[in-house]
Amino acid sequence: MTGTDDQEVKLTCRHVWKVYGPEADRFFTAGNGDVADTAGLVDTINQSGHIGAACDVSFDVHIGEIFVIMGLSGSGKSTIVRCLSRLVEPTAGEVILDGEDLLQVSRDKLIDIRRHKMGMVFQNFGLLPHLSVLENVAFPLQIQGISKEERRARAMEMIDLVGLSGRETSYPRQLSGGQQQRVGIARSLCVEPELWFLDEPFSALDPLIRRQMQDEFLRLQQLLHKTIVFITHDFLEALRLADRIAIMKDGRIVQIGTPAEVVMQPADDYVSEFTQDVPRVKVITAGDIATSDVPQTDDVVDEHATLEEIMPRFAGGADVIAVKSGEGAIVGSITAQKVLSALADSHATGDAA
Amino acid sequence: MSAAARETGALMSVRRISPKLLVWMVFGVLAILCLVLRDDAKWLVKYPKDWILPIEAGLEYLMDWFTAYFKPIFRLLSDALEWPMKGIQFVLQTSPWPVTIAIVAIIAYAAKGWRLALFCIASLFYMVVVGYWDESMSTLALVCMSVPLSIMIGLVMGLLGFQFRWARRVIEPTLDVMQTVPTFAYLIPILILFGIGPVVGMVASAIYASPPMVRNLMLGLQRVPDNVIESGQMSGCNGFQLLFMVRIPAAMHTIMIGVNQTIMAALAMVIIAAIIGGFADIGWEVLSTMRKAQTGQSLLAGLVIVLIAMMMDRISRGFAERSGEIHVHRSGNYFARHPMLVSMATAIVAGSLLAWAVPVFNAYPDAWIIYPAEGLNTAVSWFTRNFFDTTDAIKTYTLYFFMLPMKAGLERIARPTSWGFEMTALASVIYWMILIAIGSLAARLGGWRAVVAVALLGILFYYGASGTPWPVFIAAVTLIAFQVGGWKVALFSFLGMLFMLVSGAWPRAMLSFYLTATSVIICFVAGGALGIWAAQNDRVSAVLRPINDTLQTMPLFVFLIPVVMVFLVGDFSALLAIIMYAIVPAIRYTEHGIRHVDPVAIEAARMMGCTERQILWKVKLPLAIPEIMVGLNQVVMFALAMLVIAALVGTKGLGQWVYDSLTNARFGQGVIAGGSMALMAMIADRIIQAWAASKKRDLGLST
């Protein structure tokens, strides 16, 4: 297990609902959205001509974690990320950031939180067409009234970070999609936010560029250790980037878990549809299948190593391999048998679906 | 056949007649009844004078009351506005002409480059040489005052409308009305409140020209992509910052297009306001020479208007196009960073020095003026004399075979001298037989709706706009409105026509209807054909585009000059002027509609083996219909706008009534006449829009 459970919670989304329609409020007498019969209420909402875009969504995001919300279009993932920043006002529920309910804070306080604690990257980049790269990146600082020299210096730093040095004076329309999204990323990081929202940031890009940007994103996260909520409709992208994944369907969360958990134990048929074609050897890690006994062997792998990386060692004749944690301590062991049964098991689950 | 089967058979045949058609059948019976009875019951055709409500008197009374209390305020405002305007006028008229030309050229260069700068220099120089410099500068002064006023009104209203829903609910219908009220009608209340003088023209054009600014501002702000706004919000913008640092800059291009339209509208209104007189501007020059039938003079002055319009349009459009452009950051000292300001200052200093040293550059000497009016007059009269037979034939044929039947009805127009036969009982039977033949053909091609259309047009052509009983006309329009757009549109149309009826505007409204309908039909057919041609042929399109652009930027007045020159005053000249102006949207929208049909549909048709002709008729045209409908709507609006101006060349109808109320300062009559025209425009607009929308839905082009 990658084990984020023990880390401190940064952001909590608790029983959040977003209902569109003329009388959306009438479904919730108490504001906290904690209802006894969620499924029943969803039916009532949908039958009354309202649309439940997000229904009873709850999750925690831990400090330094990449939390991916994955769902197809219309599943409510974009609504939820907007509820977290109150770009969309939730109909009911609580969004708790650092112990404070965001939905209760004043307009001014909210603006202040957005200015200092949050950054967001948008699917179609959301760059201001009339500003140059430098001005776009510095825009959040300009809004805060920071002096021209300082914001220039900070913006240049960010532009350098995303590898766009030399393009400061260009305008958005002169850049490629990948470059534009780099500007979007630099802008969202410029205020050094603690919380980083990415709403399908790479969906508008070509597959090759997308791959590059994903690597770039992981590199940045190793450098910056932000708390991240990442939205995507691409299951493989979710597996690649996530510490934990929440899968949404029709406004509700179907399953939350690490990539291996989702792949090995899909919560229902809907999730296993996604997992069927996933190459499991690339997802399941040593840590996921390790037993806790400490073996007598010099063969050691990192708990984050995928089965794909481990299998050649067994093929080379190893019987048992020790698994070490990120800190270097031996935490358990795996055998060839274990690896085989993990792959066989998950296949069995996949075929049953 | 069993009883049950016979019963279902009977049911089937009943079901085949749609309820909509049934209503038209009832209408047909009533129409025939009205037409048969009209000789006995005269009120069916001629709405009795006793039934007219005293709306006009009531309006006069209201205005009297209003002026009694508020006139001093408006007079004060008038004085306050007059001073800055006099100032601008003074500056423009006294500054040496080379300075003015140089400054305009620099602005033009900044907007669009050398070619436009050269064009502006040549145009302004023409005004100097012909001797219309002072008049041109008066017009320019009026525009310079009214445009900033318009833009200010537009900004305030647009922002209000954007921010508050209640404001939008008031502003949008107001804009609709403002853009359909005929131009002259604006002048009447302003004239009464502000008194005769140039301020009237200025205020009128400031008000008249503000709607495009309001509309474009609201549209531009609404069209800013969501993610741009969200990115602004997430950057921590407060409401003020979001509006001024994100929304407005992102919408700048649309807003600048609004500024361009506002400038053109302001110029158009300034020219029209010349009719009040008293300001020695170029519009007055055109009008007075036209009244005196001094063709050459009015051509020379008209050209000045055309040139001013073209300069203003190109310059403001140049800036609008640049507003979305990337601006290169200039480096260096103050002079290098502000080349425009520096070159303007240089122009002012150098020009003033030059003017002081050489008097010719201060005031262009009268002796050097080249004014070829007499030469033009000779040329024109030579042309009219030599081509009289041709022009007269065109005029007579159109009048006798198309316009007059539409106006007074075939039954009264057909004479042996024109049509070659008397409208005997036999002849009318033959007419109806022909119509039935056409109708049955239409039934084959387009179903019962086509038959109804043929029948209505047939009735109109036979009895004429002024001979058709008003209950029949009102019922027909209301029915069309109902079946096309539902009861709301129908109710609006009905009440609108009722207003024209009870206010006593009906006979004049019918005259206006005839002229509008005639020109719209011609525009639609000819413009549609040109549009199709342009859509299929790039070279035709390239030739038509600049012509269309120029026609659209012309102030309406200008259209009258060549028409009157050749065809003299009368309905035919008015018709031609309207067509010249209103044909443009028919061409444009048809071309645009056809060119923008989904290429996949065309490819699919081509793969099925359609010929080019089949693709045009079976695929492109049906899919382009909603767009063509929008064009038709525009044609109607343009035609009505021109109709009022055409009153100057002696048409009868609402336009002439508006003009008459302006010259006699009769407020009530002006409101009724102007209101009736606006209602006509709005009824047409609602019906056509609803029709286009339902077509669009049927084609799945909108949700």
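Why is helix α25 (residues 557–567) of chain B largely enclosed by the rest of the structure? The legends below take up this helix and then other views of the model.

This is a predicted model, in which local features need pLDDT of at least 70 and side-chain atom pairs count only at pLDDT 80 or more, while totals for chains, interfaces and linings use all residues. Residues are numbered from 1 along each chain as its sequence is written, and chains are lettered from A and ligands numbered from 1 in the order in which they are written.

**View 1. Helix α25 of chain B.** Nine of the 11 residues of α25(B) are buried, and the helix is therefore largely enclosed by the rest of the structure; a residue is buried if 20 or more other C-beta atoms, placed from the backbone, lie within 10 Å of its own, exposed if 12 or fewer, and partly exposed in between. Among the buried residues are Phe557(B), Phe559(B), Val563(B), Met565(B) and Phe567(B). The residue that follows α25(B) is Leu568(B), with a positive phi near 60°. Helices (H or I, at least four residues) and strands (E, at least two) are DSSP runs, numbered from the N terminus.

**View 2. Helix α12 of chain A.** In α12(A), residues 307–315, the side chains to look for are those of Leu307(A), Ile310(A) and Phe314(A), which are buried. They cover an arc of only 65° around the axis, which puts them on the same side of α12(A), the arc being that of the directions from the helix axis to the C-beta atoms. Pro312(A) and Ala315(A), on the other side of α12(A), are exposed. Just after the helix, Gly317(A) has a positive phi of about 115°.

**View 3. The contact between chains A and B.** Chain A contributes 20 residues and chain B 17 residues to the contact, where two residues are in contact if their C-beta atoms, placed from the backbone, lie within 7 Å. On the side of chain A that touches chain B, α3 (107–116), β6 (118–121) and α4 (133–143) each supply at least two residues. That side of chain A divides into 11 nonpolar, seven polar and two charged residues, with Ala, Val, Leu, Ile, Met, Phe, Trp, Tyr, Cys and Pro counted as nonpolar, Asp, Glu, Lys and Arg as charged, and the others, Gly among them, as polar.

**View 4. The domains of chain A.** Chain A is divided into domain 1 (9–278) and domain 2 (281–352), with bounds that come from an automatic or database domain assignment. The centres of the two domains, taken over C-alpha atoms, are separated by 33 Å.
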